[in-house]
Structure formats: structure tokens, C-alpha cells
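Visitor: I have a model open and would like a walk through it. Can you take my questions as they come?

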Amino acid sequence: MPSAEPAVGRARSAAVVGLTALEVSIEVSMSAGLPSFSVIGTVGAAARQAADRVRAALTATGVRLPPRKILASFAPADVPTAGASFDLPLAVAVLVRLGVLPASLAEDTAFLGELGLDGGVRPVPAVLPAARCIADAGVGRLFVSGANAAEAALIGGLQVVPVSTVADVIDVCTGARRAAAIPEPPPAPAAAVPDMRDVRGQAEARRALEIAAAGGHHMLLLGPPGCGKSMLASRLPGLLPALDDRRALELAAVRSVAGLLSGSGHAALDRRPPLRRPHHATTAAALLGGGSGVALPGEISLAHHGVLFLDELFEWPRRLLDALREPVEEGVVRIARARATVTYPAVFQLVCAANPCPCGGAGTCECSDADVWAYRRRLSGPLADRVDLAPRLTPLLADDLVGAPAGESTAVIAARVAAARAMAAVRWGGCNARATPADVRATADPAALRTLGRAVEDGVLSGRGFDRALRVARTCADLDRCPTVQRGHVFEALAHRAGLRDTGREISVARSAMAPGQVR
Amino acid sequence: MRSVSRMTHRRQLGQDGEAAAAAHLERLGWSIVTRNWRPDDPHLRGEVDIIAIDGRSVVFCEVKTRSGGGAGDPLEAVTPIKERRLRLLARAWLAEAEHDLSYRTVRFDVIGVRWPPSAVAPAIDHVRDAVR
Amino acid sequence: MTVPAPAWRTAALRLAVGNVDVTRQQRALSDLLERGQDCGPEQVVAALERHGGCPDADVRRVQRRMAALGARFVLVGDVQYPAPLATAWPELGAPLWLFAAGGPVRLVTTPAVAIVGTRRPTLDGLRTARTLATALARAGVVVVSGLARGIDQEAHRAALDAGGDTIAVLGTGFGVDYPGGSATLRAAIADHGALLTELAPGAGPRPWQFLARNRIISGLAAATVVVEGGPTSGALQTARLAAGQGRDVWAVPGSINAQNSQAPLALLRDGASLLTSVDDLLDSLALSRSCAAGVTGAAADGGTPPTALSADARLILGLLGAVPATTDELVAASRLPAHAAMVAIGELVEAGCGVTTPSGVVRA
């Protein structure tokens with residue numbers, strides 16, 4: 001039932017930059033003048049073309065635009081918009097101005113969607129952060145394309161109305177029809193989480209994986225091709241606890257902005273810690289985030305609260321590894337753009353894999369110890385300092401495969417991991433890898449600290465390595481259900497660092513015996 | 001054979017074996033020139049177990065005594081290094097020797113002596129011309 | 001052999017500075033032998049004069065340099081020419097001349113033993129070289145080697161540390177810093193032993209010269225011991241030269257899995273004597289064992305006595321050897337859970353009983 005024509009038609013929406021959304025409203029006015037329909041203001045190209053799409057969509061719906069000068073503008077005026085998400089609210093604002101839809105809509109309803117020339121409402125990315133912003137603004141209802149409905153429904157306190165055409169919007173808003181139920185998305189395929197039971201042998205690596213999971217430590221898997229490095233890396237997420245609401249929503253927001261949530265049938269919030277394994281030939285933008293125009297989140301953000309697996313570490317370009325320094329250190333990645341810097345979260349655990357030595361390590365290895373240390377020192381740089389575990393994987397012989405007992409199952413190990421993580425959470429609200437050195441030292445036995453100190457004196461550990469090894473020892477103590485870090489835990493932590501050898505002391509020991517030096 | 005150390009026992013066995021080998025050569029009609037010959041040069045190591053004359057040949061013999069019953073090949077005793085040493089020793093002896101041996105040929109033999117503890121008399125394996 | 005007259009010395013020095021090499025010497029020698037002629041040093045020098053030599057200015061320059069270095073030119077037949085080498089002259093290819101620096105080489109009554117091995121030894125090989133050289137030095141035996149990195153230098157150093165004498169046979173002339181950084185060691189050897197070389201001062205290293213110098217190493221010693229070496233190592237060649245010279249050849253057995261055991265194992269197969277302890281060697285040289293008292297090759301655990309280690313650490317220690325063992329291997333052999341094995345490894349490294357290498361853990 002048409003209502004009186006207001007002076008200005010208004011519709012509410014939200015714009016998303018990075019993961020931040022802000023409220024936006026679109027206003028439409030009509031005046032005397034040559035018939036035209038244009039969008040003014042500093043908006044993106046797609047938004048400017050919205051006028052054409054809206055006109056076509058309305059025509060398809062049977063609403064003819066009067067021959068007046070129609071102007072649409074955004075408030076705030078300079079919305080860093082992108083894409084066609086504002087087609088639908090723009091159409092709604094026009095319909096409100098025309099009296100087709102009630103003006104009261106602007107008080108309690110928001111709209112988000114792209115319009116097809118046939119009047120259909122299409123899904124858009126970043127609906128989740130937009131929906132949260134809208135809900136936070138106190139708006140009670142959101143109209144989105146059916147494909148975006150499940151995503152928006154993750155936000156509590158918001159009534160989500162799925163629509164497939166502009167006609168639907170008119171019908172629901174005028175009360176001619178009840179809002180449809182959110183379409184039941186197809187059940188998410190129960191992706192089998194790979195189980196640790198499948199891993200045979202590799203005692204050191206399995207233990208290192210458990211420590212990494214329990215403390216959030218970064219690790220480097222060393223082994224020849226085909227010995228199971230990928231297999232192990234892909235099993236780390238399974239050992240991590242399910243994401244809580246906050247973390248799951250953060251991850252979902254990143255996926256939403258990346259356009260990965262719409263229509264993919266995510267029935268409920270995905271709480272599984274993600275695993276991303278980019279290829280070493282990937283671009284910086286794909287890895288870190290960016291791309292022309294819209295700064296989309298990269299692999300590291302898609303691995304937020306999960307695992308980033310870098311296989312063939314020595315094939316990666318140095319500049320990409322260097323660029324990982326900031327995200328690994330700070331948990332966010334900043335992508336600079338002309339108008340603003342977009343920030344995406346990137347809190348992830350790093351698993352790297354590499355051959356153990358220059359010859360590959362398969363079969364009989366002829367590399368001398370000096371060759372191997374020189375090779376491993378190539379790991380130097382931003383990542384070397386951050387890796388705390390470096391287990392050696394040995395190739396399995398056929399005999400071992402037949403006779404080796406199956407490893408413990410993921411469930412059993414995950415239980416231990418969860419208990420250890422709980423201890424750390426109680427102690428300092430996070431995992432050990434992110435605890436401050438002073439705090440960790442305070443929980444250590446003097447004998448343990450002395451042992452670490454001696455390792456530094458002997459040149460086995462660098463100064464920085466002291467605190468890193470101590471953090472791992474703290475995790476070993478947690479796994480041992482021990483409130484104080486003791487010598488034994490330090491021993492284990494040092495043994496796990498053996499593949500890294502901060503200062504390459506083993507070379508200098510052997511070389512001082514082999515090379516001519518001072519006659520003692 | 002009461003609490004005799006193994007080393008002494010082995011040395012004893014070796015001496016007994018050499019004696020048996022010498023007796024064997026004498027039974028064959030050879031004349032034994034010298035036993036356990038060492039050169040004057042201290043840097044030329046080793047010794048020749050038996051140097052004997054067989055007809056027109058001067059024979060340098062290596063004696064290998066075993067107490068095991070199994071028939072091990074006596075030739076196994078002659079390793080490449082051992083062979084080299086025998087030749088050097090032979091040449092040194094020939095250089096030092098005072099008798100005129102220019103008309104005789106030189107030969108190397110290996111004599112294996114198998115003497116298990118229970119046996120009264122040992123078994124002799126005599127390999128002629130073991131080193132060419 | 002009569003001492004060569006001064007004229008021949010100068011002629012020989014001219015040949016040496018002119019780098020008339022071993023092959024040419026031996027050819028001249030065999031020529032003379034074939035013709036049934038006298039082949040004392042003078043005759044060989046005379047035969048060689050046709051082939052090589054150098055301007056007088058060069059000879060004088062070298063003489064000045066030798067004076068500055070305190071080096072001497074020794075011809076075979078000189079009193080100072082090492083007696084064990086002289087017995088190899090002429091047929092077995094002893095060098096016609098030697099340049100000597102340091103003390104006089106008195107090997108007539110004092111025996112010498114050569115210790116040779118690879119340039120890339122394992123820690124265990126280094127330990128063996130040290131133990132042997134120390135015991136020999138304490139027993140008054142001169143240790144001979146080639147100053148190469150690895151086993152050679154360890155043997156020289158251990159002999160010096162034990163207060164003994166050592167002779168280094170160089171693959172270069174004097175005044176050349178090869179191997180790099182060995183100047184201090186060479187100086188110490190000159191003080192307590194001698195440096196010998198067939199090459200004129202300033203002559204740099206060439207691959208074939210090392211083979212030639214190996215015959216001098218083996219020729220100086222009553223016995224040559226090969227501690228470690230790969231299948232094509234120079235140490236193997238030195239040992240075979242020793243056998244050719246009628247000297248004793250000893251080899252130290254290593255793990256059949258280790259690359260560095262290939263040379264000693266091959267020699268043992270060929271009939272070298274098995275060296276399982278220093279006593280074997282000393283006995284054969286008919287030396288009193290009491291001189292070497294207190295030095296054994298058996299595992300002397302320096303540092304923490306085994307009883308201070310935990311049971312797990314002692315268990316793992318018992319499994320460690322000279323061949324690196326990976327954690328997985330130790331876990332499988334000890335049947336300890338992985339984390340307990342790692343704790344034990346860390347404990348052993350801290351106590352100095354074990355060393356981690358890129359290929360695994362080795363006994364220290």
C-alpha cells in the first residue's frame with residue numbers, strides 16, 4: 001500500500017574496509033530537471049554504475065522511475081566503498097522516495113546486496129562484518145541475498161531476511177508476505193580430520209608436534225622428500241582445541257571478506273583451526289594480503305588461529321620470508337593503500353619443512369657436518385629466530401612400516417594438549433609462545449635456569465635462544481603437569497633445538513680440532 | 001695346560017707348529033738353512049719362518065698354525081701386505097746371504113699346521129709356490 | 001755411502017731449486033741401475049744435470065732464504081739424512097735430497113711411527129689419533145705425519161702436548177702457508193722435532209707432490225698407522241707405500257657403516273695389523289709398556305662421572321657410539337618414550353658425554 005512520498009528516501013547499510021565496518025546510509029532525492037539518475041560523491045566506480053543497475057532492476061520489477069532528476073548520495077560522504085554491495089539499499093532508498101516502501105524502514109532495517117539487471121538480489125562479500133556493525137548499531141533487521149543469509153545469521157540479535165528479488169523485498173516490507181525462513185544450507189561435508197594414528201615411527205617429530213600444539217610454538221620439520229612432513233603438518237590443526245566463539249567469528253569475518261563464506265553451505269560457525277599451505281611460487285599479495293583495488297586477506301589471514309605450512313622452505317623467495325616477520329611478531333598484517341591502511345589479523349602457528357642437508361638427505365648422505373651447518377644457516381633471518389622445534393624425520397624402510405606400531409590417536413594427544421593449554425591459559429591467559437620472557441623465568445626452577453645459562457656459556461645457545469628454549473621448556477613442564485620448569489624440561493627443550501644450533505658451536509668444536517690453531 | 005694365559009698358549013702353539021713344519025720339511029729331504037730369520041735393518045719389519053733348500057730352489061716358508069679342526073685354507077694367511085713383505089725379506093736375505101745362490105731359483109711356500117688340542121700329531125697342508 | 005762432496009751439493013741444490021722432480025730422479029736412477037753403473041748420489045746428480053737446473057742467481061736467492069729460515073739442504077748420504085729413508089735408497093725411491101728445518105732428525109736409535117688419516121675425521125677418529133700420538137710421545141717414539149688438516153694435525157698436536165718430538169713432511173716448500181693458518185703449528189714443530197720437504201722454498205702445493213711426500217712419511221717410520229680414511233684417501237696410499245717399504249702397517253677398525261672406516265677396513269682385509277689398543281703397537285716396537293702408563297684408549301668419560309647421570313641418560317649413553325644416532329633410532333633401541341629419550345639426550349649433551357651433529361648424536 002503506497003505511503004506518502006517523503007522528501008528524501010533513505011536506506012541503511014554498512015561498508016567494510018578490511019574487517020572494520022561502518023554504518024552507511026543512502027539518500028535519494030528527486031527534483032525538477034532533465035531526467036537522470038546518478039550517484040554523487042566520492043564513491044568507487046562500481047557504486048557509480050549502481051544507478052544503471054538499479055534502474056534496470058526496478059524496471060524488471062515493474063517500477064518505473066519518474067522522469068525527474070534523481071540524485072543519490074552516501075552518508076558519510078566519502079565512503080571507501082567497493083563493489084556493488086549498495087545496489088539493494090540504493091534501490092530501497094529510491095522505493096522509499098517513491099512511496100512504494102515505508103519511510104520507517106530506515107529506523108530498523110538495513111540492506112545489503114548486489115542487483116542483477118533482472119531484479120535478482122545477488123550475494124556480496126564481507127557480509128559478516130557488515131552484519132555485526134549493523135547489529136551493533138541497534139538495527140534489528142537485515143535483508144540479504146539468500147546465499148548470504150547463513151553468514152549474516154551468525155550474528156546474534158539480528159533478524160536476517162533472505163530475499164532473492166527486489167519484488168520479495170517489496171512484498172515483505174509492505175507486509176504482503178511474511179519473511180521467508182533462512183534457507184537450510186546443505187550439511188557441511190564432514191571433512192575427515194586426519195588422525196595422528198596414521199603416522200608411523202617419527203617419534204621425535206610426533207613429540208615435537210605435541211609440544212608445538214600445546215604451546216603455540218613454531219617448528220621446522222627436517223627430512224628428505226617423502227618421509228611424511230606434509231602428513232605431520234596437516235595433523236597439527238587436529239591437535240589444537242576447537243576455536244571459541246570469539247576466535248571462530250574472527251576467522252569467519254576474514255573468510256567473509258575474502259568472499260569464501262557466501263553460498264558455501266557453512267551451516268554453523270566453523271570452529272576447526274584452519275590449515276593453509278601456500279605454494280612457494282605464490283605472490284606476495286596472495287600470501288600476505290592485498291591485490292589491486294580491494295585489499296583482500298591473504299593466506300596468512302586465512303590461517304588466523306590456525307596453522308600456516310610452508311613446504312620446501314629453501315625454495316621460498318627471501319623477500320616473502322622477510323615480509324612474514326611483522327605478522328609473525330605482531331599477529332596482524334598491514335596492507336597500505338592510497339587512502340588508508342587495511343589491517344587484517346594473522347595469528348598463526350608456523351610449520352616449515354625442508355630437506356635436512358644440501359644433498360636432500362635421501363639415501364646415503366655424503367654431506368659433511370660443515371656443509372650441513374652452512375645449509376641450515378640459510379634459514380637465518382626473520383624465521384630462524386622464531387622457530388623453536390626442529391625435529392628430524394627419518395625415511396621409513398619397508399620393514400619399519402610393517403612392524404611399527406601405530407602411533408597414538410589424535411584424540412589422546414589432543415587431550416594432553418588441551419590440559420597443557422589450559423594450564424597456560426590460567427597462568428597468563430594465552431599460550432606459552434606469546435608469554436613474556438620475564439614471566440616465564442619467574443615460573444622456572446633455579447636449576448633449570450642455571451642449565452640454560454650453562455648452555456649459553458658453552459656456546460650451544462645464543463642469548464636470544466635462552467628465552468626461546470625456556471618457553472619450550474615451560475610447555476614441556478605443562479605437558480608434564482608441573483607448575484615449575486625443571487632441569488629435565490630444559491634438557492628436552494634443548495634437545496628439540498638441536499637441529500637449529502644457534503651458534504653452530506659443533507662446527508667450531510670440530511674445526512678447532514681439525515684446523516691449525518693455537519698450540520695448547 | 002693349567003692357568004696359562006691365552007697369549008702364551010698361542011705363542012706356544014705357534015712354536016710347536018713351526019717345529020712340526022720343520023720336521024715335515026726334513027722328512028721331505030729338504031735342508032733347513034735358518035728359522036725365524038730377521039734382517040739387520042730394523043726398519044724392514046717381520047721375519048721369515050723357515051728358509052730351506054729344496055733341490056735347486058731356495059724356499060721361503062710361511063707357517064700358519066691353527067688349533068681349530070676345520071680345514072681353513074692356508075693360503076688365506078697370505079694377504080697382499082704379507083706377500084709384499086715376504087718378497088722384501090727374501091730379497092734382503094738374498095742380499096745378505098754369504099753362500100752363492102745365483103744358480104738357484106726362489107720360491108715361496110705356505111705350510112698350514114692343523115693341531116687341535118686333542119690330537120697327538122698335527123695335520124700338515126703344504127702349498128708350494130703360493131706366491132708368484 | 002760416502003758423504004757427497006760440496007760440489008755435488010751445489011749441483012744438487014741447483015736441481016732442487018729447478019724443481020727436478022721425483023719422476024725424473026727415479027728415471028735417472030733406474031737408467032744407471034740398468035746399465036749396472038754406480039748409483040750413489042753423485043752419479044744421479046750428474047745424470048740429472050742434463051735435464052734440469054736453474055740460474056746461479058736463483059740458487060743464491062734460495063740459499064739466502066734458507067739461511068733466513070734456518071733451513072738446511074740435506075743430500076742422501078749426509079749424516080743428517082734420516083737413516084730409515086736411506087735404506088730405501090736407491091731402489092725403493094727415497095728422495096735424493098731433503099730440505100730440513102728444526103732440529104736434527106735422529107732416527108737411528110729412536111723409532112718413529114707415522115699416524116695418517118683423513119682430512120675430515122669424526123670426533124672419534126680425532127680422539128684415536130690423539131690417544132695414540134700421546135702414548136707414543138710418552139714412550140719416546142717420534143710421531144711422523146703430513147701436517148694435513150684432520151688426523152695429521154691432531155697427531156702432531158698431541159705429540160707436542162705430551163712433550164714429545166714430531167716430524168712433519170710437507171707437500172710444499174718452506175715459507176708457504178699451507179694448509180692455511182698452520183704457521184703456529186709449524187713453528188712449534190720446528191722447535192720440537194723437524195719439518196722436512198723435498199721441494200725448494202716457496203714451492204706451492206700441487207696434487208702430485210702430496211703423493212710423492214707420502215713415501216717420505218712412510219719411509220721415516222717403522223710403522224704406519226691409518227686411523228681413518230675414505231675409500232680413496234691418501235692415507236691408504238701411504239699405508240701401501242709403507243708395506244712396499246717393508247714397514248709395519250696398522251689400521252684402526254671403525255664401524256662398517258662409517259665412510260671413514262673404509263680405508264682401515266680395506267687395509268685390514270689386505271693383511272694390515274689390527275690396532276685395538278696402543279699396547280699392540282708399543283709391544284711390536286718392543287717398547288716398555290710402562291712408558292705409556294696412564295694413557296688408555298678405552299672410553300675415559302671426561303666430565304660428569306656416569307653415576308651422576310639419570311638412569312635414562314645412562315641407558316642412552318650406552319647406546320651411543322662414534323656413528324651418529326638419530327633420536328628415532330635411540331627411541332627404538334631404548335624403548336623409552338620419545339620425550340624421555342629427548343630429556344636424556346639433553347642431559348648427556350649438557351654433561352659433555354654426547355655431542356649433537358646434523359646426523360644425530362655421537363658419543364663425546
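Guide: We can go through the chains and their contacts in turn. Keep in mind that this is a predicted model.

Visitor: Start with chain C. How many helices and strands are there in it?

Guide: Chain C has 15 helices and eleven strands. Of its 364 residues, 55% count as buried.

Visitor: What share of the contacts in chain C joins residues at least 24 apart?

Guide: That share is 72%, taken among contacts between residues at least 6 apart in sequence.

Visitor: In what order do the nine strands of the open sheet in chain C run?

Guide: The order is β1-β2-β6-β5-β4-β3-β7-β8-β9, and the pairing is mixed. At the edges are β1 (71-75) and β9 (273-274) of chain C, each of which pairs on one side only.

Visitor: Now α3 of chain C. Which of its residues are buried?

Guide: In α3, residues 41-49 of chain C, they are C:Pro41, C:Val44, C:Val45 and C:Leu48. These sit on the same side of α3(C), because they cover an arc of only 100 degrees around the axis.

Visitor: Why would residues spaced like that point the same way?

Guide: An α-helix has 3.6 residues a turn, so residues three or four places apart point the same way.

Visitor: What covers the buried residues of α3(C)?

Guide: The cover includes α1 (6-17), α2 (22-34) and β1 of chain C.

Visitor: Switching to interfaces. How many residues does the contact of chain C with chain A take from each chain?

Guide: It takes 33 residues from chain C and 33 residues from chain A. On the chain C side, α6 (123-138), α7 (151-161), α8 (183-191), α14 (327-334), α15 (338-351) and β10 (354-357) each supply at least two residues.

Visitor: Which element gives the largest share of that side?

Guide: α15(C) does, with nine residues. By type, the side of chain C that touches chain A divides into 14 nonpolar, eleven polar and eight charged residues.

Visitor: At what angle do α15(C) and α8 of chain A pack?

Guide: Helix α8 of chain A, residues 203-215, packs with α15(C) at an angle of about 95 degrees, and their axes are 9 Å apart. That angle makes α8(A) roughly perpendicular to α15(C).

Visitor: Which residues make that contact?

Guide: From α8(A) there are A:Ala203, A:Glu204, A:Arg206 and A:Arg207, and from α15(C) there are C:Ala338, C:His339 and C:Met342. The set divides into three nonpolar, one polar and three charged residues.

Visitor: And how many residues does the contact of chain B with chain C take from each?

Guide: Twelve residues come from chain B and twelve residues from chain C. The chain B side divides into five nonpolar, two polar and five charged residues.

Visitor: Stay on chain B. What is the strand order of its five-stranded open sheet?

Guide: The order is β1-β2-β3-β4-β5, with mixed pairing. The edge strands are β1 and β5 (123-127) of chain B, each pairing on one side only. The twist averages 25 degrees from one strand to the next.

Visitor: Is β2(B) enclosed or exposed, and why?

Guide: Strand β2 of chain B (residues 48-54) is largely enclosed by the rest of the structure, because five of its seven residues are buried.

Visitor: How does β2(B) pair with β1 of chain B?

Guide: In the antiparallel sense, over five bridges, with β1 of chain B covering residues 31-37. B:Trp37 has B:Val48 as its bridge partner, and B:Ile32 has B:Ala52.

Visitor: What about β2(B) and β3 of chain B?

Guide: β3 of chain B covers residues 57-66, and its pairing with β2(B) is antiparallel over five bridges. B:Asp54 stands opposite B:Ser57. β2(B) and β3(B) form a hairpin with two residues between them, and B:Gly55 in the turn has a positive phi of about 65 degrees.

Terms used. Residues numbered from 1 in each chain as written. Chains lettered and ligands numbered in written order. Predicted model: local features only at pLDDT ≥ 70, side-chain atom pairs only at ≥ 80, totals over all residues. Helix = DSSP H or I, 4+ residues; strand = E, 2+ residues; numbered from the N terminus. Buried ≥ 20, exposed ≤ 12 C-beta atoms within 10 Å, placed from the backbone. Contact = placed C-beta atoms within 7 Å. Pairing = 2+ DSSP bridges. Nonpolar A, V, L, I, M, F, W, Y, C, P; charged D, E, K, R; others polar. Arc of directions from axis to C-beta. Axes fitted to C-alpha atoms, helices over the stretch in contact; angles between N-to-C directions. Parallel < 35°, antiparallel > 145°, perpendicular 65-115°, else oblique.
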